[in-house]
Amino acid sequence: MSDTIAAVSTPRQPSAIGIIRISGPGAAAAAGAVFRPGSGGKLEEKEPRKLIYGTLLDRQGQEIDQVLATWTPGPNSATGEETAELQCHGSPAVLAMGLEALFAAGARQAEAGEFTRRAFLNGKMDLTQAEAVIDLIEAETGEAARNAYGQLNGALSRRIEEIYSGLTDVTAHFHVVLDYPDEDLAPFTTEELTEHIQKALDDSRALLKTYDRGSMLTEGIPCAIAGRTNVGKSSLLNALLGYERAIVTSVPGTTRDTVEERLRLGGVLLRLVDTAGLRASDDPVERLGIQRSRAALEGANLVLAVLDGSEPLTEEDRELLESAGREAACICVINKSDLPQVLDPEELAGDHTVCVVSAATGEGLDELEQAVADLFPAGQDEAGSLLTNERQAEAVGRAAEHLETALDAVRSGVTPDAVLTDVEEAMDCLGQLTGRSVREDITDRIFSRFCVGK
């Protein structure tokens, strides 16, 4: 990290403000080469962390914009290095010329996520906090944003550190007893060792259980819209989205494949899947679509079971309601309330949450939104303390497995040094969460999610 990097950190489209970031040794000097303070002098001579008004120059030294500039000396900066920032008008052309001028002054183009990677490598944040940066950028609901912000502030790191610290006490005590026998230190009793490992195991399992909720926050809840043909599944999808995403006709079997969209409903992020109508069919294409529909049902955490309120309940409807409620939350959506009603909601109210709607007029959609919010209320966990991706969950899962093995070994009377081998393996897994002991290919994968300039 001996070089200086620069990048545009705002979207490449016309906007009110566009920002160029610079980090590395000589960042202020590089910014100063393309920035002329209105008060005279050089940027690096100005007081740090203060906005300075001046003019942006292109690589030929011609004035191209009126901007604000600031610089921060390391290590007390976002990346831990000397940094500078140019706040320009959001013209893509101006930003491109400003960046070219910085390259001519000795900076190079930053890679995707390189600013955040430097912050991690310089100890400004750990890996869970780095992952929180991209989660915060991509958050689609208020709860997801609050959780990402809490994780960025170290809530998850503190939870991991508590487990790691307890295991450190165990291994440190063992090694002191082993290495300094003359100090007359009492080794852990079997009961004490069991208690310490059991607590770490319980805490790891509790942390692992947060992954389901955390992944739903960041990725959305898989939600299948299911029902027999022509009950209005695609019309309901379109009504919820607010535009015609799926083709709607009166011909049965129009939808022959799953149609997927993301939607925030009741403050909950859903991954909506409109499925093909469930029925017996001789059409090989439709049969394939029905197979995909059943797979979507099996993978859903929420099923919107759509019924036609203008027709009596059929055996296909009953089979859907029975299968949908086995593994997933289910809302029975009685559609077509704008038509004369035949199906009585009271017939279904005992077993399912029931909403009567009209996809054609929008009637009842507010009640459906509230029903979704009631099924998936905001969690009580401290914001930021949830595992939110597969990497984190896999590491905690492996730590728990090693702790289970260690606990079994203690109870079997195995010598403490053999027990602590698994304890230290568990610590290594926890260390991979925060970056204490992570491989370079893992960090490469994490930062590949980032955009250039972040």
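How many disulfides does the structure hold? Here are my notes, starting with that one.

1. The count is zero disulfides. Keep in mind that this is a predicted model. A disulfide is a covalent bond between the sulfur atoms of two cysteines. Take Cys-223: the closest cysteine sulfur to its own is in Cys-330, and at 9.8 Å that is too far for a bond, given that a disulfide needs the two sulfurs within 2.5 Å. Cys-223 is also buried, with 1% relative accessibility. Cys-451, on the other hand, counts as partly exposed at 41%.

2. Now for the overall picture. The protein chain has 15 helices and 13 strands. It runs to 454 residues, and 47% of them count as buried. Look at the contacts with a separation of 6 or more: 65% of them come from residues 24 or more positions apart.

3. Next, have a look at helices H13 and H14. Two packed helices are described by the angle between their axes and the distance between the axes. H13 covers residues 390-411 and H14 covers residues 416-434; their axes are 8 Å apart and the angle is about 170°. Angles over 145 degrees count as roughly antiparallel, so that is the label for H13 and H14. Their crossing is left-handed.

4. Who makes that contact? On the H13 side, the residues include Ala-395, Ala-399, Leu-403 and Ala-406, and on the H14 side they include Val-419, Val-423, Ala-426 and Leu-430. Sorted by class, the contact of H13 with H14 has 13 nonpolar residues, plus four polar and four charged ones. Among the H13 residues in the contact are Arg-391 and Arg-398, while Asp-422 and Glu-425 are among those from H14.

5. Helix H12 (residues 365-375) is worth a click too. Its Leu-365, Leu-368, Ala-371, Val-372 and Ala-373 are buried. What do the buried residues of H12 pack against? Their partners are helix H9 and strands S9, S10, S11, S12 and S13.

6. Finally, some backbone details to check in the loops. The peptide bond from Gly-74 to Pro-75 is cis, with omega near 0°, and Pro-75 sits in the loop between strands S5 and S6. Arg-49 is not a glycine, yet its phi is positive, at about 65°. You'll find Arg-49 in the loop between S3 and S4, partly exposed at 47% relative accessibility. Lys-336, another residue other than glycine, has a positive phi near 70°. Lys-336 lies in the loop between S12 and S13 and is partly exposed, at 21% relative accessibility.

Methods
Residues numbered from 1 in each chain as written. Predicted model: local features only at pLDDT ≥ 70, side-chain atom pairs only at ≥ 80, totals over all residues. Heavy atoms only, no water. Axes fitted to C-alpha atoms, helices over the stretch in contact; angles between N-to-C directions. Helix = DSSP H or I, 4+ residues; strand = E, 2+ residues; numbered from the N terminus. Parallel < 35°, antiparallel > 145°, perpendicular 65-115°, else oblique. Left-handed = near helix turned anticlockwise from the far one by under 90°. Contact = heavy atoms within 4.5 Å. Nonpolar A, V, L, I, M, F, W, Y, C, P; charged D, E, K, R; others polar. Buried < 20%, exposed > 50% of the residue type's maximum accessible area, 1.4 Å probe, protein only.
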